[in-house]
Amino acid sequence: MRAGGWRVGQGDDKLSATVNGRNGDHDETRGWENSMIGRKRRTGALATSLIVLAMVALTGCGSDGRPLTTLDPRGQASTDIHKLVVPVFIVAGIVFVFVNLGVLFVAIKFRRKDEDEFPEQVHGNTKLELGWTILPAVIMAGIAVGTIATLFNIANEPDDIAQDFEVTVVGQQWWWSFEYDLGRDGTIDFVTASEMVIPTGTPVKITTTSRDVIHSFWIPALNGKKDAAPGRNHPFWLNADAPGRYLGQCTEFCGLSHGYMRMLVEARDQGDFEAWVANQMKPAAIPAASDEAARRGLEVFTGACTSCHQVQGVNSNDCTPITSASQYDVAKNTCWVGAQPYAGAAQVSGYAPDLTHLMSRYLFVGALYDLRGPTTGELNRAELEGWIRNPDDYKPMLPEATGDNKYGRGMPKVPLTEDQIDDLVAYLSTLK
Ligand code: CUA
């Protein structure tokens with residue numbers, strides 16, 4: 001797999017796997033194969049230790065939120081899944097114990113006792129063979145009934161699904177955006193990134209899709225996995241029984257930073273949720289003239305960031321451009337173009353997080369790092385500045401199109417001075 005990642009799912013890896021498969025003379029290649037197996041095992045052990053280390057390391061970042069576990073379900077779908085997992089695990093455990101006891105028994109009882117002993121040659125045992133065919137078939141059939149019933153349960157949209165809004169969940173290398181459609185009328189009312197907020201207790205309709213390769217949306221405490229595939233809209237839903245912050249992880253290999261592609265769902269009480277929606281609906285305010293650093297930061301933002309990032313009220317689509325803060329008017333949907341030469345509708349790729357209410361979130365960089373302290377709410381200035389200074393230190397990316405990487409992915413390193421970064425952060429911290 002090339003690091004570029006956007007080729008995932010195009011099938012060329014499958015092809016090379018077949019070409020490399022065993023098709024030669026086994027006897028001649030056995031020594032080579034054995035050494036390869038040894039090497040693979042060592043690589044496997046190394047990979048496992050690296051994964052464990054990475055998991056330990058990552059639990060230190062983005063410290064806010066419930067851990068990634070299916071064993072403590074907090075939603076309807078995850079509870080259904082849990083009710084299936086526990087009995088299947090118990091049955092599998094019993095089978096495991098019996099099979100291993102059987103192997104031990106046979107290995108001890110029938111072991112070779114002296115050098116010259118030649119075992120009795122037998123062929124077939126009808127009773128045994130019928131037994132070990134029928135019993136597993138019955139067990140598997142039982143598991144299949146439970147599994148299919150659970151799958152249908154989860155696929156069925158609950159009757160009490162929220163009628164007043166739904167969310168399109170968009171995966172892209174390597175973060176998630178959440179497009180809220182209030183009124184479920186097909187128009188996007190506001191967009192967030194990394195963190196999705198839902199009301200507690202109400203199932204919410206979501207639709208997963210992708211802008212590039214196949215990702216998979218999974219909040220272990222709340223729902224099962226749902227692929228997010230480009231050009232497809234997969235209907236799904238999720239709910240949370242109790243208020244809380246629930247972490248998730250992209251679970252479909254999607255290139256270089258797949259392992260760093262996280263997200264979070266926050267369940268709030270109805271009143272809190274409505275207040276959050278009302279705030280998200282507002283465009284960002286232009287900083288007051290007295291806040292000189294933030295004003296300079298806004299100029300840096302419109303000069304360096306607005307080709308990719310959107311801030312409603314600054315570079316919203318279909319807005320009326322203004323060049324002076326005195327012209328700012330929410331009702332007229334004005335947008336700030338400052339010293340920028342362009343006018344008219346902003347040209348934003350939208351392929352980067354919407355930052356309108358950045359400071360209403362606690363996590364950033366694909367929900368990997370704390371943007372604000374989980375309890376204090378205080379800005380994590382060091383890491384926000386570090387991220388702007390050199391994004392690649394925080395998440396491996398390929399922002400430049402070079403070689404096989406035809407398109408570039410991720411946040412580029414923008415050449416800003418330290419003063420500009422300070423001003424930019426001053427501006428970003430006004431985006432409440
Ligand atoms: Cu997105 Cu893996």
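Trainee: Let's begin with serine 194: is it buried or exposed?

Mentor: Look at relative accessible area: under 20% is buried, over 50% exposed, and in between partly exposed, using a 1.4 Å probe and protein chains only. Serine 194 comes out at 5%, so it counts as buried. Before you go on, remember that this is a predicted model: local features need pLDDT of at least 70, side-chain atom pairs count only at pLDDT 80 or more, and totals for chains, interfaces and linings use all residues. Residues are numbered from 1 along each chain as its sequence is written, and side-chain values use heavy atoms, with hydrogens and water left out.

Trainee: Where does serine 194 sit, and what is its phi?

Mentor: Find the strands on either side. Helices (H or I, at least four residues) and strands (E, at least two) are DSSP runs, numbered from the N terminus. Serine 194 falls in the loop between strand 3 (190-193) and strand 4. Its phi is positive, about 70 degrees, although serine 194 is not a glycine.

Trainee: What about alanine 367, and which loop holds it?

Mentor: Alanine 367 belongs to the loop between strand 13 and strand 14 (369-370). Not being a glycine, alanine 367 still has a positive phi, of about 55 degrees. With a relative accessible area of 0%, alanine 367 is buried as well.

Trainee: And glycine 313: buried or exposed?

Mentor: Glycine 313 is buried, at 1% relative accessibility. You'll find glycine 313 in the loop between helix 6 and strand 11 (320-322).

Trainee: On to sheets. What is the strand order in the open sheet of five strands?

Mentor: Start from pairing: two strands pair if DSSP finds at least two bridges between them. Here the order is 3-2-1-5-8, with mixed pairing. Strand 3 and strand 8 (234-238) are the edges, each pairing on one side only. Inside the sheet, strand 1 runs parallel to strand 5 (residues 204-210), with five bridges between them.

Trainee: How many residues of strand 10 are buried?

Mentor: Seven of the seven residues in strand 10 (residues 262-268) are buried. Now check each face. On one side are Arg262, Leu264, Glu266 and Arg268, on the other Met263, Val265 and Ala267, and all of these are buried.

Trainee: Which strands pair with strand 10?

Mentor: Strand 4 pairs with strand 10 in the parallel sense over five bridges, and there valine 197 stands opposite glutamate 266. Strand 9 (residues 244-249) runs antiparallel to strand 10, joined by six bridges, with glutamine 249 facing arginine 262.

Trainee: How much space lies in the largest pocket?

Mentor: On a 1 Å grid over the protein atoms alone, a pocket is an open set of points with protein on both sides within 12 Å along at least five of seven lines; in a cavity a 1.4 Å probe fits but cannot get out, and lining residues have an atom within 4 Å of a point. Points join across faces, edges and corners, and volume is the space filled by probe spheres set on them. The largest pocket holds about 860 Å³. Its lining has 41 residues, and His309, Ala352, Pro353, Gly410 and Met411 lie nearest the centre.

Trainee: Which helix gives the most to that lining?

Mentor: Helix 7 does, with three residues. Helix 6 (292-304), strand 13 (363-364), helix 7 (381-389) and helix 8 (418-428) each supply at least two. In helix 7, Leu384, Glu385, Gly386, Trp387 and Ile388 are buried. The buried residues of helix 7 pack against strand 13 and helix 8, where contact means heavy atoms within 4.5 Å.

Trainee: And how many cavities of 30 Å³ or more are there?

Mentor: There is one. The largest cavity has a volume of about 40 Å³. Its lining consists of Thr192, Glu195, Val197, Trp276, Gln280, Ser360 and Arg361. Strand 4 (195-199) and helix 5 (270-281) each supply at least two of the lining residues.
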